[in-house]
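Hi there,

Here is the structure I promised to pass on, with my notes on it below.

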Amino acid sequence: MIGFIGLGNMASAMIGGILKKGLAESAEIIGSCRTEATRKQIRDKYGIRTVSDNRQVANGADILILAVKPNVLQEVIREIRMEVSSHCLVVSIAAGRSLEWLKEAFDRPEVKVIRCMPNTPALVLEGCTGICAGDEVTREELERVVELAESFGKASMVPERLMDAVVGVSGSSPAYVFLFIEAMADGAVAAGMPRKQAYEFAAQSVLGSAKMVLETGLHPGVLKDMVCSPGGTTIQAVKVLEEKGLRSAVMDAVEACVEQSRKM
């Protein structure tokens, strides 16, 4: 049984991916949250069982996914810590909560903990998830969690010391990309293009460009050079972006995000 405590957007995305890839049946997933409206929405959408009692979910789960915000995670763990069985895998998706923190919160040496950091493109099955695990987790158990994470996008193992970097480059980065898409669309609107069409052109260009990086394996700089014809339009646009400090602004944003994650 796969249990979810918290049924927000990220949990919904994970449930959808797991069901779509056939990694579990709806009868094998149970979830809990505080509001009846959310429970009904998830129940109607995915056909899973939903309840209000977190302890009920924890008690029957073989894999327990804590899909709650960092500021309520301590309270949730305090509520369920004695309900989790020794064979259960506890998976936290909360930013800034280390494996050591999770172990101390449960205060049960036998509890097996894993950290995952997915991002919101999981909602369209294009997420990117960083994963790290405690020493007590076996290879087979870890592979099972990776398989679940890959049902809604790409997933990679990382050492825990890099989890804050995962937050900066993946977990929070969709917001940076949305800003970029919005800015490109605004530029097109200023040039006379209808806004709806401008968003479509900008978003599709970002999607296609990202796919080229992933599928060709070429360095982004090489792909950039392929677009920049001598004396052409693109190199003039790149020149302006360099003058305005696009690279340093993005790097500073990622560093600020990483630092905030470390403080949480």
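Which side chains meet in a salt bridge at 2.9 Å, N to O? They are those of K224 and D225. A salt bridge here is a side-chain nitrogen of Lys or Arg within 4 Å of a carboxyl oxygen of Asp or Glu.

Before going further, please note that this is a predicted model, where local features need pLDDT of at least 70 and side-chain atom pairs count only at pLDDT 80 or more, while totals for chains, interfaces and linings use all residues. Residues are numbered from 1 along each chain as its sequence is written, and side-chain values use heavy atoms, with hydrogens and water left out.

**Salt bridges**

By that rule there are 17 salt bridges. For burial, under 20% relative accessible area is buried, over 50% is exposed, and partly exposed is in between (1.4 Å probe, protein chains only). K224 is partly exposed because its relative accessibility is 32%, and D225 is partly exposed too, at 48%.

K112 and E141 also pair up, with 2.7 Å from N to O. This bridge links distant parts of the chain, 29 residues apart: K112 sits in strand β6 (residues 112-117) and E141 in helix α6 (residues 139-149). Helices (H or I, at least four residues) and strands (E, at least two) are DSSP runs, numbered from the N terminus. K112 has a relative accessibility of 16%, so it counts as buried; E141 is buried as well, at 16%.

Another bridge joins D53 to R55, whose closest N and O atoms are 3.3 Å apart. D53 is partly exposed at 26%, and R55 is partly exposed at 41%.

**The nonpolar patch**

On the surface, M212, L218, V222, M226 and V227 form a nonpolar patch with about 440 Å² of accessible area together. Patches take residues with over 30% relative accessible area and no salt bridge, joining like charges within 9 Å and nonpolar side chains (Val, Leu, Ile, Met, Phe, Trp, Tyr) within 5 Å. Accessible areas come from the Shrake-Rupley method with a 1.4 Å probe, and for residues only the protein chains shown count as cover. Helix α10 (residues 220-227) gives the most to this patch, three residues. V222 lies in that helix and is partly exposed, at 40%.

**The two pockets**

A pocket is an open set of points on a 1 Å grid over the protein atoms alone, where a 1.4 Å probe fits, with protein on both sides within 12 Å along at least five of seven lines; lining residues have an atom within 4 Å of a point. Grid points are joined across faces, edges and corners, and a volume is the space filled by probe spheres set on the points.

The largest pocket has a volume of about 2800 Å³. It is lined by 49 residues, of which V177, F180, V206, S209 and A210 are the closest to its centre. Helix α9 supplies the largest share of that lining, 12 residues. By class, the lining has 32 nonpolar, 10 polar and seven charged residues (Ala, Val, Leu, Ile, Met, Phe, Trp, Tyr, Cys and Pro count as nonpolar, Asp, Glu, Lys and Arg as charged, and the others, Gly among them, as polar).

The second largest pocket holds about 890 Å³. Of its 35 lining residues, G8, A67, V68, K69 and I93 are the closest to the centre.

Best wishes
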